[in-house]
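Please read it alongside the sequence and the structure shown here.

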Amino acid sequence: MSLKKAYEQYFKIGTSVSKWNMEWPQATRELQKHYNSITGENGMKPMFVLDMQENVEHPEKYNINPALNFDSIRSFLKFSSENGLGLRGHTLVWHNQTPLWFFKENYSLDEKAPWADKETMLARMEGYIRGVLTFVEKECPGVIYAWDVVNEAMEENEEDGWRKKSPWYQTVGEDFVAYAFRFARKYAGPGVKLFYNDYNTFLPKKREDICNLILKPLLKEGVIDGIGMQGHLILNDSDLKEFEKSVLAFGELGLEVQVTELDIHCNSPEEEAMKQLADTYAKLFGILVDAKKNGKANVTSVTFWGMKDDESWLTGFRKEKSYPLLFGEKYQEKAAYEAVMRVVQ
Ligand code: G3I
């Protein structure tokens, strides 16, 4: 048995992968066995696609249509199509891992240089989205089944919900989200689903902000298909009741729901902690399966953020060793794996 087989009738099972995962035969075997979807953990983000040298050296040529380099994206497309995996595109428009010079007048490397004006930034945004989406469709049509068009535009600590420090917000304003989705709809291939993706989507205020400021207006325009609930949780510190409320609230809007970056931070490998982790995963998958079965939310994929504990980003981010996933260092199945399998067996 495997994860993807066990969950076949409910939703896709995915994992984030690095370029090293794609070069390592054992990782490839695990990917073929357990998953039918992957997401590039980093390699498809703007910092790996924008061609810094070309743009910075020839701003007059690329000012409103940035030069792009598709080598990294190409490797994800090739690996996915060779291994029969669906690919989630992550991500087009984000404040993070997009170089600061991209937002500056004449692509200046000087941090103090003025922002480019709104018109220029919208042209750059359209050029970027057009370039990426037409490339992937031409190179490997149908492999990418969903795109995180905009990532993390909301900030739970801001009263009005908007992440004001984002250079996209600074240069374009609130409507950067709508423009991004309009451009993505214009250039995406047929059947490619467009997602808004964010973290802490289980917090009541953030859930409301996302529904009111992002999802409803985009639904009105017919330019969005789904919501990505990232799912970076903390053991014994994330309210699954609220998580469920969010799944149902997003489902009620008629959007596809995908859990896009699932992990549960846990700083102990001891049996008791691993048992708690297993219970939490089981509850979470129970919520998702029930919502799908009962027609309350169209959950279409669940992606783990990492293949195994020792590769998780969380150890660096939390500054303590984390054991947040279903598989240990040698891809051994943990109690959490058994628990997730039991939900549907
Ligand atoms: O590219 C540089 C490289 O040149 C340098 O040598 C190396 C030295 O540390 O760093 C490299 O950059 C790293 C980058 O990943 C690319 O590999 C950064 O240090 C590192 O901080 C960065 O972390 C990534 C993080 O996004 C950045 O925000 C994580 O691996 C990745 O798991 C994480 O993923 C995000 C999702 O995209 C969006 N949601 C939240 C999630 C977790 O933060």
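In this predicted model, an N or O atom in the side chain of N42 sits 3.0 Å from an oxygen atom of the ligand.

- E41 has a polar side-chain atom 2.4 Å from an oxygen atom of the ligand.
- The ligand taken alone exposes 790 Å², and 52% of that is buried by the protein.

**Shell around the ligand**
- Helix α4 (46–49) and strand β3 (86–94) are the elements that contribute two or more residues to the shell.
- There are 16 residues around the ligand, and those that come nearest are E41, K45, H90, E261 and W305.
- By type, the shell holds seven polar, five nonpolar and four charged residues.

**Packing of α8 and α10**
- The axes of helix α8 (residues 118–139) and helix α10 (residues 176–187) are 9 Å apart and form an angle of about 35°.
- Their crossing is right-handed.
- On the α8 side, the contact is made by L122, M125, E126, I129, R130 and L133.
- On the α10 side, F176, Y179, A180, F183, A184, K186 and Y187 meet them.
- The residues of this contact comprise ten nonpolar and three charged, with no polar ones.

Key: Residues are numbered from 1 along each chain as its sequence is written. This is a predicted model: local features need pLDDT of at least 70, side-chain atom pairs count only at pLDDT 80 or more; totals for chains, interfaces and linings use all residues. Side-chain values use heavy atoms; hydrogens and water are left out. A residue is near a molecule or strand if one of its heavy atoms lies within 4 Å of it. A polar contact is a pair of N or O atoms within 3.5 Å; within protein, one must be able to donate a hydrogen and the other to accept it, and residues adjacent in sequence count only if both atoms are side-chain atoms. Accessible areas come from the Shrake-Rupley method with a 1.4 Å probe; for residues, only the protein chains shown count as cover. Helices (H or I, at least four residues) and strands (E, at least two) are DSSP runs, numbered from the N terminus. Ala, Val, Leu, Ile, Met, Phe, Trp, Tyr, Cys and Pro count as nonpolar, Asp, Glu, Lys and Arg as charged, and the others, Gly among them, as polar. Axes are lines fitted to C-alpha atoms, for helices over the stretch in contact, and angles run from 0 to 180 degrees between N-to-C directions. A crossing is left-handed if the near helix is turned anticlockwise from the far one by less than a right angle, and right-handed if clockwise. Contact means heavy atoms within 4.5 Å.
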